[in-house]
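Please examine the predicted model shown below.

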Amino acid sequence: MISITEWQKIGVGITGFGIFFILFGTLLYFDSVLLAFGNLLFLTGLSLIIGLRKTFWFFFQRHKLKGTSFFLGGVVIVLLRWPLLGMFLETYGFFSLFKGFFPVAFGFLGNVCNIPFLGALFRRLQGTSSMV
């Protein structure tokens with residue numbers, strides 16, 4: 001059985017608030033303060049969930065440096081109050097960082113989803129992406 005520490009529980013909450021602020025800032029026409037606050041909360045929560053060493057290792061692997069530079073560069077650009085450009089950079093960096101996770105997630109959703117059209121769509125999306 002996996003034991004979850006109190007720090008990890010707090011990290012899940014902080015990450016959830018970060019995602020909420022990012023979505024809310026996007027809905028309010030890219031409000032730079034909400035986006036910056038959401039970015040900081042998301043990164044803080046992520047480091048609390050998986051630990052500082054694993055967070056650093058995840059972002060700074062050789063094959064993920066391009067995605068990391070775009071993602072963290074986007075965070076810095078949002079903090080400098082250029083929210084639209086920063087969010088575009090962050091989005092590209094996010095997809096570049098997590099491109100190996102998407103086939104796994106689509107495969108899981110295709111098996112779990114009982115709706116015929118969505119199940120077929122997720123299985124098709126699972127096959128088109130490449131694992132890195």
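In this predicted model, helix H3 spans residues 52–59, and its buried residues are Thr55, Phe58 and Phe59. These residues lie on the same side of H3, because they cover an arc of only 90 degrees around the axis. On the face turned away from this buried side, H3 carries the exposed residues Arg53, Lys54, Phe56 and Trp57.

What, then, covers the buried residues of H3? The cover includes three helices: H2 (32–50), H4 (65–79) and H5 (83–97). When its neighbours within four places in sequence are left aside, Phe59 is in contact with Leu43, Leu46, Lys64, Leu65, Thr68, Phe71 and Leu97.

Phe59 also belongs to the largest nonpolar core, which has 13 residues; together with Leu43 and Phe71, Phe59 is among those with the most contacts inside that core. The elements that contribute two or more residues to this core are H2, H3, H4 and H5. Of these, H2 gives the most, with 5 residues.

The unreviewed UniProt entry annotates residues 12–30, 36–56, 68–89 and 101–122 as "transmembrane region". For residues 68–89, the chain is 86% helix and 0% strand, with end C-alpha atoms lying 10 Å apart.

Terms used. Residues numbered from 1 in each chain as written. Predicted model: local features only at pLDDT ≥ 70, side-chain atom pairs only at ≥ 80, totals over all residues. Heavy atoms only, no water. Buried < 20%, exposed > 50% of the residue type's maximum accessible area, 1.4 Å probe, protein only. Helix = DSSP H or I, 4+ residues; strand = E, 2+ residues; numbered from the N terminus. Arc of directions from axis to C-beta. Contact = heavy atoms within 4.5 Å. Core = buried A, V, L, I, M, F, W, Y, C linked by side-chain atoms within 4.5 Å. UniProt positions renumbered as here; feature names shortened; annotations may be inferred.
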